[in-house]
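Me: I would like to learn how to read side-chain contacts and strand pairing in a model. Please take me through them feature by feature.

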Amino acid sequence: MDTQLTQNGLLGIGHKALYQWRLALERNLGANAPSCLLEIGAATGEEIHAAFCRWLPEHTGVNDPGELDAERFGEVLSTFFAELGWGNLELSRLGSAGLVITCAEWAEAQRDANAPYPCCFVSAGLFADLLTRIAGSPIAIMEIECQSRNDEQCRFLGGAPETLEAVYQEMSAGRDYRALFEA
């Protein structure tokens with residue numbers, strides 16, 4: 001990890017600690033734990049964004065994330081998160097209004113945890129805040145696959161809040177989310 005990142009407001013914690021936070025909050029807050037974890041993730045967005053903006057020029061020659069070529073953005077973001085210890089990610093478009101973030105090995109996930117639902121809530125909050133800051137407009141994030149639930153990878157959908165609300169409703173009714181993004 002780049003020590004400059006740790007000197008600028010970020011700190012390292014272990015994967016086990018992140019997992020234990022979720023378990024402790026679920027035990028103590030029950031159904032309120034996910035919203036609390038999302039809030040914690042969102043609260044990290046400002047400092048992660050600032051660190052990303054400081055890191056960017058040295059690693060890409062670009063001063064502002066908005067100046068990055070869209071084709072290169074995912075690779076750059078993946079390198080940044082890997083250096084922070086979160087893992088690699090892959091960014092792809094979903095139709096004209098959506099974004100997919102796929103993480104094959106992700107710090108917040110606990111493989112074989114047999115979780116009943118996707119539970120990388122801190123990551124979802126973090127991605128939402130970070131991408132909102134970069135895009136300059138609200139981005140909502142929803143995890144749809146999770147290694148903690150024994151899925152092959154963690155997968156997050158991103159888009160405008162109203163789009164993600166409609167996606168959630170469609171998925172709750174047992175329908176495929178892709179149709180909403182392709183319409």
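Me: By about how many helical turns are D129 and R133 separated in helix α5?
Reply: Some ground rules come before the case. This is a predicted model, in which local features need pLDDT of at least 70 and side-chain atom pairs count only at pLDDT 80 or more, while totals for chains, interfaces and linings use all residues. Residues are numbered from 1 along each chain as its sequence is written, and side-chain values use heavy atoms, with hydrogens and water left out. Helices (H or I, at least four residues) and strands (E, at least two) are DSSP runs, numbered from the N terminus. Now the case: D129 and R133 are separated by about one helical turn, because they are four residues apart in helix α5.

Me: What do D129 and R133 form, and how far apart are the closest N and O atoms?
Reply: A salt bridge is a side-chain nitrogen of Lys or Arg within 4 Å of a carboxyl oxygen of Asp or Glu. D129 and R133 form one, with the closest N and O atoms 2.5 Å apart. By this rule the count comes to seven salt bridges.

Me: Is D129 buried or exposed?
Reply: Buried means under 20% relative accessible area, exposed over 50%, partly exposed in between (1.4 Å probe, protein chains only). D129 is buried, at 18%. R133 is partly exposed, at 36%.

Me: Which residue forms a salt bridge with R155?
Reply: E145 does, and the closest N and O atoms are 3.2 Å apart. E145 lies in strand β3 (residues 140-145) and R155 in strand β4, so the pair ties together parts that are 10 residues apart in sequence. E145 is buried, with a relative accessible area of 18%.

Me: Where do E26 and R22 lie?
Reply: Both are in helix α2, four residues apart, about one turn of the helix. R22 is buried, at 6%.

Me: How is a pair of aromatic rings described?
Reply: By the distance of the centres and the angle of the planes. Rings of Phe, Tyr and Trp (its six-membered ring) pair if their centres lie within 6.5 Å; planes under 30 degrees apart count as stacked, over 60 as edge-to-face and the rest as tilted. By this rule the count comes to 11 aromatic pairs. F80 and F81 form an edge-to-face pair, 5.7 Å centre to centre with 80° between the planes. The F81 and W106 rings have centres 5.9 Å apart and planes at 50°, so this pair is tilted. F81 lies in helix α4 (residues 70-84) and W106 in the loop between β2 (98-103) and α5 (121-135), so the pair ties together parts 25 residues apart in sequence. Both F81 and W106 are buried.

Me: Which way do the residues of β2 point?
Reply: In a regular strand the side chains alternate between the two faces of the sheet. Here G98, V100 and T102 point one way from β2, and L99, I101 and C103 the other way. Six of the six residues of β2 are buried, so β2 is largely enclosed by the rest of the structure.

Me: How many bridges join strand β1 to β2?
Reply: Two strands pair if DSSP finds at least two bridges between them. Five bridges join β1 (residues 90-94) to β2, and the two run antiparallel. L94 has G98 as its bridge partner in β2. β2 also pairs with strand β4 (residues 154-159), in the antiparallel sense over five bridges. There, the bridge partner of V100 is L157 in β4.
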